[in-house]
Amino acid sequence: MKRSIYLICVCILSCMITACGNRSATFVSPNRDNKIIVKYDFVSRPSIEYNGDSVWKYPGRGFNEEVSFRVEWIDDNTFKFIYDDESHSGKYAEEFEIVLKEN
């Protein structure tokens, strides 16, 4: 009986961790030539996929709360990846410029 309860708890915990790590968003460039997918892990660290390849991963340790970054396209191949940090009055705001491919 104890083994069954332990097994059920492990299954529930692994399902919860998996569910928290499945958050993603898709962004399309202004001319609709490029599409990126932003995926977040269970500590809200983003990574960016382009054409099925990982092109960028967040260099920091992660976040205590669920955060979202926004995308501002500069042109069809370049965008800014921005975290505004509204919960801490902008103290931890970050901005990254990412180039998908050279012209």
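What share of the 103 residues of the protein chain counts as buried? The share is 27%, where buried means under 20% relative accessible area, exposed over 50% and partly exposed in between (1.4 Å probe, protein chains only). The structure is a predicted model, in which local features need pLDDT of at least 70 and side-chain atom pairs count only at pLDDT 80 or more, while totals for chains, interfaces and linings use all residues. Residues are numbered from 1 along each chain as its sequence is written, and side-chain values use heavy atoms, with hydrogens and water left out.

**Figure 1. Overview of the protein chain.** The secondary structure comprises 1 helix and 7 strands; helices (H or I, at least four residues) and strands (E, at least two) are DSSP runs, numbered from the N terminus. Read from the N terminus, the order of the elements is α-β-β-β-β-β-β-β. Among the contacts in the protein chain with a separation of 6 or more, 29% come from residues 24 or more positions apart. Contact here means heavy atoms within 4.5 Å.

**Figure 2. The open sheet of 4 strands.** The strands follow the order S1-S2-S3-S4, with antiparallel pairing; two strands pair if DSSP finds at least two bridges between them. Strand S1 (23–28) and S4 are at the edges with a single partner strand each, so one side of each has no neighbour in the sheet. From one strand to the next, the twist averages 25°, based on axes that are lines fitted to C-alpha atoms (for helices over the stretch in contact), with angles that run from 0 to 180 degrees between N-to-C directions. S1 and S2 are paired in the antiparallel sense over 6 bridges, and Ser24 has Lys39 in S2 as its bridge partner.

**Figure 3. The hairpin of S3 and S4.** Strand S3 (residues 46–50) and strand S4 (residues 53–57) run antiparallel and are joined by 4 bridges. Glu49 has its bridge partner, Ser54, in S4. The hairpin has 2 residues between the strands, and Asn51 takes a positive phi near 55°.

**Figure 4. The open sheet of 3 strands.** In this sheet the order is S5-S6-S7, again with antiparallel pairing. The edges are formed by strand S5 (70–73) and strand S7 (94–99), each of which has a single partner strand, so one side of each is left without a neighbour in the sheet. Neighbouring strands are turned against each other by 25° on average, direction ignored. Strand S6 (residues 78–83) and S7 run antiparallel and are joined by 6 bridges. Phe81 stands opposite Phe96 in S7.

**Figure 5. Aromatic residues.** The whole structure contains 11 aromatic pairs; rings of Phe, Tyr and Trp (its six-membered ring) pair if their centres lie within 6.5 Å, and planes under 30 degrees apart count as stacked, over 60 as edge-to-face and the rest as tilted. The ring centres of Tyr58 and Phe63 are 5.4 Å apart with the planes at 40°, so this pair is tilted. Tyr58 is buried at a relative accessible area of 13%, and Phe63 is also buried, at 14% relative accessibility. One aromatic cluster is formed by Trp56, Tyr58, Phe63, Phe69, Phe81, Tyr83 and Phe96.

**Figure 6. The surroundings of Val38.** Val38 is located in strand S2 and is buried, with a relative accessible area of 1%. When its neighbours within four places in sequence are left aside, Val38 is in contact with residues including Arg23, Ala25, Phe27, Ile48 and Phe81. Val38 and Phe81 are 43 residues apart in sequence, and their C-alpha atoms are 10.0 Å apart in space.

Figure 7. Ser44 lies in the loop between strand S2 (35–40) and S3 and is buried at 5% relative accessibility. The side chain of Ser44 reaches the backbone nitrogen of Val67 at 3.3 Å. This is a polar contact, defined as a pair of N or O atoms within 3.5 Å; within protein, one must be able to donate a hydrogen and the other to accept it, and residues adjacent in sequence count only if both atoms are side-chain atoms. Beyond its neighbours within four places in sequence, Ser44 is in contact with Arg23, Phe63, Glu65, Glu66 and Val67. Arg23 lies over the face of Tyr40, at 4.0 Å from the ring centre; a charge sits over a ring if NZ of Lys or CZ of Arg is within 6 Å of the ring centre and within 35 degrees of the ring normal.
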